[in-house]
Amino acid sequence: MTLMRRLVLPTVLSAAMASPAAATEWTICSSKGDEASFSVLVGSLGIGTATEFKVEAPGKMWSTREGEGTLIVRGQAFEDDKTILIDVMSEGMGAVVAELRVFKAMEGDAPTAMGGTLRIPGVGAWPVSCDGGEG
């Protein structure tokens with residue numbers, strides 16, 4: 001292997017491995033005491049394009065990842081500078097599994113506080129506060 005390849009290959013591999021991590025971050029909305037939570041993996045294009053979700057409630061877990069709980073799929077996912085609205089559905093899109101409604105308090109270009117409600121039909125509803133994401 002030439003010297004140039006030995007120098008370039010690790011740099012290219014490091015950049016490729018670092019890029020996805022920098023471009024995505026979990027936004028987690030949880031109730032007081034972490035009784036219930038709704039997590040969304042936010043990519044560089046924002047919540048509107050998110051496809052990975054996790055929902056937890058007492059004794060229950062749902063996820064878009066197979067093997068991490070009852071399977072769910074994205075219903076709606078909308079975000080603007082004041083709100084986040086997300087519904088996740090049962091695997092066959094037959095029923096809403098969870099509804100997240102969040103309001104953002106903005107200071108400048110970034111939210112300084114995010115909070116709202118998480119409702120899981122037939123299970124319960126909780127006030128939640130949110131951390132993470134790209135804003």
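Modeller: Before we start, buried means under 20% relative accessible area. Also keep in mind that this is a predicted model.

Colleague: Okay! Is Cys29 buried or exposed?

Modeller: Let's check it against that cut-off, which is under 20% for buried. Cys29 has a relative accessible area of 2%, so the word for Cys29 is buried.

Colleague: And Cys130, buried or exposed?

Modeller: We use the cut-off of under 20% again. Cys130 comes out at 8% relative accessible area, so Cys130 is also buried.

Colleague: How many disulfides turn up in a search of the whole structure?

Modeller: A disulfide is a covalent bond between the sulfur atoms of two cysteines. Here Cys29 and Cys130 are joined that way, with 2.0 Å from S to S. Searching the whole structure gives a count of one.

Colleague: How many residues apart are Cys29 and Cys130?

Modeller: The disulfide joins Cys29 to Cys130. Cys29 sits in strand 1 (residues 25-30) and Cys130 in strand 9 (residues 124-132), so to speak distant parts of the chain, and the separation is 101 residues.

Colleague: Which hand does the link of Cys29 and Cys130 have?

Modeller: Look at the turn about the S-S bond, which is 110 degrees. With that angle, the link is right-handed.

Colleague: In what order do the strands close into a barrel?

Modeller: There are nine strands in the barrel, and their pairing is mixed. The order is 1-2-3-4-5-6-7-8-9.

How values were computed:
Residues are numbered from 1 along each chain as its sequence is written. This is a predicted model: local features need pLDDT of at least 70, side-chain atom pairs count only at pLDDT 80 or more; totals for chains, interfaces and linings use all residues. Side-chain values use heavy atoms; hydrogens and water are left out. A disulfide is a pair of cysteine sulfur atoms within 2.5 Å. Helices (H or I, at least four residues) and strands (E, at least two) are DSSP runs, numbered from the N terminus. Buried means under 20% relative accessible area, exposed over 50%, partly exposed in between (1.4 Å probe, protein chains only). Two strands pair if DSSP finds at least two bridges between them.
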